[in-house]
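Hi,

Here is the structure I promised to pass on. Please open it and keep it beside you while you read my notes.

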Amino acid sequence: MTAWLDRVKWDAQGLVPVIVQERDTGDVLMFAWMNREALQKTAELGRAVYYSRSRARLWYKGEESGHVQLVHEIRLDCDDDVVLLRVTQLGHEPGIACHTGRHSCFFQRLDVQRGVWQTVDPVLKDPQVIYR
């Protein structure tokens with residue numbers, strides 16, 4: 001029943017990039033990595049499980065923060081080398097996906113005229129309160 005995993009083009013480290021999109025808003029929440037086990041567990045549990053390169057282990061989204069991602073769809077791109085998860089972000093309203101306490105990890109926008117990155121989305125919850 002896991003032959004579908006063979007279709008994924010894993011990189012040299014056995015990983016695949018994952019884009020996470022909020023189903024209801026279309027917001028891109030974050031980017032992460034999965035290994036074969038993480039993708040299989042995500043499909044089995046209906047909950048996002050990633051591979052943490054810094055910790056060298058599976059990372060169940062929300063295991064520390066409580067900000068769990070309920071997975072509605074798992075999609076594979078045309079080259080079979082990028083996964084898209086369509087999720088509902090749980091644990092806070094509005095949902096917090098970023099470890100900085102923001103809705104999305106993509107909270108910095110380039111001001112082309114000035115050549116600087118600007119923070120454009122607010123912190124919804126202090127990360128020191130989230131990660132005690």
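R7 is exposed, with a relative accessible area of 56% (buried means under 20%, exposed over 50%, partly exposed in between; 1.4 Å probe, protein chains only). This is a predicted model: local features need pLDDT of at least 70, side-chain atom pairs count only at pLDDT 80 or more, and totals for chains, interfaces and linings use all residues. Residues are numbered from 1 along each chain as its sequence is written, and side-chain values use heavy atoms, without hydrogens and water.

R7 forms a salt bridge with D80, with the closest N and O atoms 3.3 Å apart (a side-chain nitrogen of Lys or Arg within 4 Å of a carboxyl oxygen of Asp or Glu). D80 sits in the loop between β5 and β6, R7 in the segment before β1, 73 residues apart. D80 is buried, at 13%.

The count is eight salt bridges. One of them joins R36 and D6 (2.9 Å, N to O). R36 lies in helix α1 and D6 in the segment before β1, so this pair ties together parts 30 residues apart in sequence. Helices (H or I, at least four residues) and strands (E, at least two) are DSSP runs, numbered from the N terminus.

Now look at α1, residues 36–45. Which residues are buried in α1? They are A38, L39 and T42. They cover an arc of only 100° around the axis, so they are on the same side of α1 (the arc is that of the directions from the helix axis to the C-beta atoms). Just after α1, G46 takes a positive phi of about 70°.

Best wishes
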